[in-house]
Amino acid sequence: MMVALLGATTLVLVAVAPWVLSAAAGGKNLKSPQKVEVDIIDDNFILRWNRSDESVGNVTFSFDYQKPGMDNWIKLSGCQNITSTKCNFSSLKLNVYEEIKLRIRAEKENTSSWYEVDSFTPFRKAQIGPPEVHLEAEDKAIVIHISPPGTKDSVMWALDGLSFTYSLVIWKNSSGVEERIENIYSRHKIYKLSPETTYCLKVKAALLTSWKIGVYSPVHCIKTTGRWIT
């Protein structure tokens with residue numbers, strides 16, 4: 001009877017020992033990442049998050065996503081086994097008017113519990129990026145050509161490309177005194193400028209129907225032509 005009991009005890013110890021060693025190798029349980037931020041500018045989708053424990057090395061992070069009506073989660077392409085705290089999932093083909101849900105976990109020898117991100121609608125969350133601007137100098141005038149934010153094949157603004165309005169700030173490079181011009185369209189001409197003078201300007205786009213106002217483009221400068229007639 002004693003031999004049988006000892007044998008049973010030995011078997012239990014052998015079964016438990018690998019679990020103990022694994023826990024020791026992995027250290028304390030991994031904590032879930034926190035403070036996940038979703039930044040969307042035009043068609044660029046960026047995720048950022050905070051690590052919960054900086055002292056644990058060699059940790060990676062992975063995201064899943066879920067669409068409306070889905071019961072299962074799908075691995076988020078571009079955001080698997082990430083070693084940093086940032087990833088880009090712009091390649092994912094989404095209906096930007098439907099809600100999407102995300103979750104993230106930390107991974108090492110073991111994994112943390114999932115941290116779920118509040119569901120969001122990409123279009124509502126998206127910010128308008130800077131438009132492209134091209135300038136032409138004329139006789140005491142500047143012609144401004146503006147291309148809508150996003151790419152030519154933009155998904156985010158596919159239904160709004162013709163609805164953008166623009167505003168600009170212009171100033172003489174020598175003075176810095178600014179003038180604002182609101183609600184212009186994709187081609188605009190500014191008259192009655194000083195001849196042979198360098199002007200600088202920046203432009204931003206807006207979708208007034210959606211209450212969205214974008215960020216300014218980089219500053220562009222150009223020198224007018226012509227002379228005053230006396």
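**Entry 1: the model.** I'm working with a predicted model, so everything below was computed from it.

**Entry 2: the largest pocket.** I started with the idea that rolling a probe the size of a water molecule over the atoms shows where empty space is left. The largest pocket comes out at a volume of about 250 Å³. I found 13 residues lining it, and Asp43, Asn44, Phe45, Ser90 and Val155 are the ones nearest its centre. What kinds of residues make up that lining? I got five nonpolar, four polar and four charged. Next I looked up which domains contribute: domain 1 (34–124) and domain 2 (132–224) each supply at least three of the lining residues.

**Entry 3: Phe45.** I picked Phe45 from the residues nearest the pocket's centre and found it in strand S2, which covers residues 44–50. Is Phe45 buried or exposed? Its relative accessible area is 4%, and buried means under 20%, so Phe45 counts as buried. Skipping neighbours within four places in sequence, I listed its contacts: Asp39, Ile40, Cys87, Asn88, Phe89, Ser90, Leu94, Pro122 and Met156. I also checked Phe45 against Ala126: they sit 81 residues apart in sequence, yet their C-alpha atoms are 8.8 Å apart in space.

**Entry 4: the second largest pocket.** This one holds about 160 Å³ of space. Its lining includes Glu132, Lys152, Trp157 and Phe164, plus Pro148, Pro149 and Gly150. I sorted that lining too, and it splits into five nonpolar, five polar and two charged residues.

Terms used. Residues numbered from 1 in each chain as written. Predicted model: local features only at pLDDT ≥ 70, side-chain atom pairs only at ≥ 80, totals over all residues. Heavy atoms only, no water. 1 Å grid on protein atoms, 1.4 Å probe; cavity = no way out; pocket = protein on both sides within 12 Å on 5 of 7 lines; lining within 4 Å. Points joined across faces, edges and corners; volume = space filled by probe spheres on them. Nonpolar A, V, L, I, M, F, W, Y, C, P; charged D, E, K, R; others polar. Domains from an automatic or database assignment. Helix = DSSP H or I, 4+ residues; strand = E, 2+ residues; numbered from the N terminus. Buried < 20%, exposed > 50% of the residue type's maximum accessible area, 1.4 Å probe, protein only. Contact = heavy atoms within 4.5 Å.
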